[in-house]
Amino acid sequence: MDKKILIIDDSEQDKKIMVRYLTRAGFDKIATAENGNNGLQKFEAENPDIVILDTMMPDTVGFEVCKKIRELKGFQRPKIVITTGSIDAVDALRAKESGADDYCVKTSDCEPLLNAINKLF
Amino acid sequence: MLKIKITTKLIFWFLLIALLPMTAAIYVSYNSSRRVLKEEINKNLLTMTDNKAFQIEVFLSEKKKNLINLSRTSDIIYAIEKYQSAGSDGYDFVDNEFRPFLIYHQKVNNYTNLFLVNPDGDILFSAGENGDFDSLYKLAMRNKFSQLADVFIRINKSRETEISSFEYDQASNSAAVFIGAPVFKGGNYIGLIIAQMDNSGLFKFTRDYTGLGRTGEVVIVSRINEEISSVIPLRFDPDASFKRKFDLSSDIGLVLDKALKHEDGSKIFKDYRGNEVLGVWRHLSTFNLGMVVKIDTNEVFLPAEDLRTNLIKISMLLMVVVVSLAVLTARSISKPIKLLTQTSRTISKGDLKARAGINSGDEIGELAQTFNQMTDNLLEAKAKVEEKKEELEQQKALLEEVNEELDRFVYTASHDLRAPLRGIASFAKFLDEDYKEKIDAEGREFIDEIIKGSSRMNKLIDDLLALSRISRIKNPYEEISSREIIDTVVERIKFDIENSNTELIIDDNLPMIVCDRIKLTEVFLNLINNAIKFSSKNNTERPRVEIGYVKRPLVHEFFVKDNGIGIAEEFHDKVFGIFSRLHTESEYEGTGAGLCIAKKVIDDHGGKIWIKSEPGKGAEFHFSIPKSLAKAEKGQKLIAEETGQF
């Protein structure tokens, strides 16, 4: 697949896992960032098609970054999926309000994430 | 019970105490005074009657004496002789000679008429215009009631002074009574001198009303022509003289009849005016008369009436005084009581500062003091309670804070615990995938164990997380059909139900309940899942799960029954602990947190959860929800309010 993905997540472990499964799923253009600021910079630099946002990061909350991305002008509108270590119904609402396209839980086999991405296209 | 005010009671009793003796006094004094008055007046009347009778007797004696003296004078004797021997032609000459001095005697003695009669009954001389110079015998024959004739006949016979009864002289329209005396010359009876009197002499005595008050009257009667007739004018009937007759059918008639019959006495009777009178009667031997001296009882008893009236007036005054006193006394009692009552009311309405301001030194004052003291104590106690309440509130707030922190901690912890686990599981799998050829069977087994272990850990964390979520998230209570909840749950696990061939029996009469729908769904889910799991391990019969409802007055009681292997009583409490496990992992899938979560939810609803079970006899899980749950509980927080706090 030629969709560009940007993963904004502070967990090295999680990034490794996601990269592996995404690569196996056919995505070869994957960029990463480890916090909100870098994430935004990388976004402006790479302008990816899909952004995968972690909810909890050292400097900010995933929902805020999502909002900021939505506010950025002059970029192609990406699909945004917000991931979290633990699912919570109320956060789904928050995700939607921030402008995300979907919201899923992080698992060891990344299945919810892959499903969410598939649903987007 | 009749509600009678103190004032009314006191008035009643005061009046009773005051009026009873007063009434008795009035009654007794009235009767007593009447009796005394009657006796007094009676005595007075008797005295008066006797006096009058005496006076009349004296009067008559006088008259009698005068006549007797006159009859003995030589002038009279001479006159009779002369008149007798005069004959019809010498009559005028004799008359001229003697008339003047005879008239003189008549006038001087106040006689209505004066007669000189010879023993044959011929009237020799008559001072007045009698016109009847007939013989008195003839007169007697003509008029058998003629007192003049009668007295003549009697004197003739007795040769002594005689007095007639009263008669009515038609000619002069007045009363007439005759006194006669025989005239003797030298021992020979030569004739009579008869004087006629009217009733003025009598009337002189009866006209005196001294001692007779306003209504006293003297009645003097004579039996004339067989009738009882008054011989004098009466005080209340000036024309009574010989006109008023007293009938024997009347009270007074009877009395007068008695008097004429020489009886005397006194009593109260009705007189000719129809008035009630007290009268005394007696016979007057002089002139053969009956006399009654009477006085109206109204007048007699007037002092008694006055006394009674005055006493009654005093009583009225007394009543007013007594009532006032009663009211005052009652007020002095009821006013402080009312004040106390009002103060109580004010206090019970909420104003705890009110106090009864009664300072009297009596029992009510004491009561007020005690009451105030009690209120003070109450206030103190209340303040203490408030203090305690505040303490408790603080403690509760603290507890809630702690609980919240704990919940947050549990959540965060499980969340943070997951991340490394995720790592372990993922990388173990990668290891297995990428280095399959390079690792021997044992190594691969190790990797397998790593993966299994992390999977178990994950499950444990899931349970922990679920438990903490149940605590953190509080949904509003809603009214929902319990049947709907159960149907939802059954739908979710229908796969398991089909697979395990479980017979599911659901009660028909499931009620509407007020609860946290989401959480209660969890409860039913856990219980039914458990039931299915354990029933399906029963090898002897088809797994059967029954969901039922028990009607209770204050709670909704549900139960989930299975025909599994049962739970020994010693474990009935333990099963609800977190991560409790009665069977090894290999026998049954872990259900650790399910029951713990169920208990937490039921506890939060204010209900109870318990087990009825014995090994080998299946298990019945019961839980109850109070019927009176408010729809929106205060203290419910939705985690959405908190920004990113996990």
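Mentor: Let's start in chain A, where helix 2 passes helix 3 in a right-handed crossing. Right-handed means that the near helix is turned clockwise from the far one by less than a right angle, and left-handed means anticlockwise. Helices (H or I, at least four residues) and strands (E, at least two) are DSSP runs, numbered from the N terminus.

Trainee: Before we go on, what kind of model is this?
Mentor: It is a predicted model, where local features need pLDDT of at least 70, side-chain atom pairs count only at pLDDT 80 or more, and totals for chains, interfaces and linings use all residues. Residues are numbered from 1 along each chain as its sequence is written, chains are lettered from A and ligands numbered from 1 in the order in which they are written, and side-chain values use heavy atoms, with hydrogens and water left out.

Trainee: Back to those two helices: at what angle do they cross?
Mentor: The axes of helix 2 (residues 36–46) and helix 3 (residues 62–71) of chain A cross at roughly 25° and come within 10 Å. Axes are lines fitted to C-alpha atoms, for helices over the stretch in contact, and angles run from 0 to 180 degrees between N-to-C directions. The two helices are therefore roughly parallel (under 35 degrees; over 145 is roughly antiparallel, 65 to 115 roughly perpendicular, the rest oblique).

Trainee: Which residues of helix 2 of chain A are buried?
Mentor: They are A:Gly36, A:Gly39, A:Leu40 and A:Phe43. Buried means under 20% relative accessible area, exposed over 50%, and partly exposed in between (1.4 Å probe, protein chains only). Down the axis of helix 2 of chain A, the buried residues fall within an arc of 100°, so they line one face; the arc is that of the directions from the helix axis to the C-beta atoms. The face turned away from that buried side carries the exposed A:Gln41 and A:Ala45.

Trainee: What about the sheet in chain A, what order do its strands take?
Mentor: It is an open sheet of five strands in the order 2-1-3-4-5, with parallel pairing. Two strands pair if DSSP finds at least two bridges between them. Strand 2 (29–33) and strand 5 (102–105) of chain A each have a single partner strand, so one side of each has no neighbour in the sheet. Further in, strand 1 (residues 4–8) and strand 3 (residues 50–54) of chain A run parallel, joined by four bridges, and A:Ile8 stands opposite A:Leu53.

Trainee: And over in chain B, what pairing does the sheet 14-16-17-19-18 have?
Mentor: That open sheet of five strands has mixed pairing. Its edge strands are strand 14 (503–506) and strand 18 (608–613) of chain B.

Trainee: Is strand 19 of chain B largely enclosed or left open?
Mentor: Eight of the eight residues of strand 19 (residues 619–626) of chain B are buried, so the rest of the structure largely encloses this strand.

Trainee: How does strand 19 of chain B pair with strand 17?
Mentor: Strand 17 (residues 555–562) and strand 19 of chain B are antiparallel over eight bridges, with B:Asp562 partnered by B:Ala619. Strand 18 of chain B also runs antiparallel to strand 19, joined by six bridges. Those last two form a hairpin with five residues between them, and B:Gly616 in the turn has a positive phi of about 85°.
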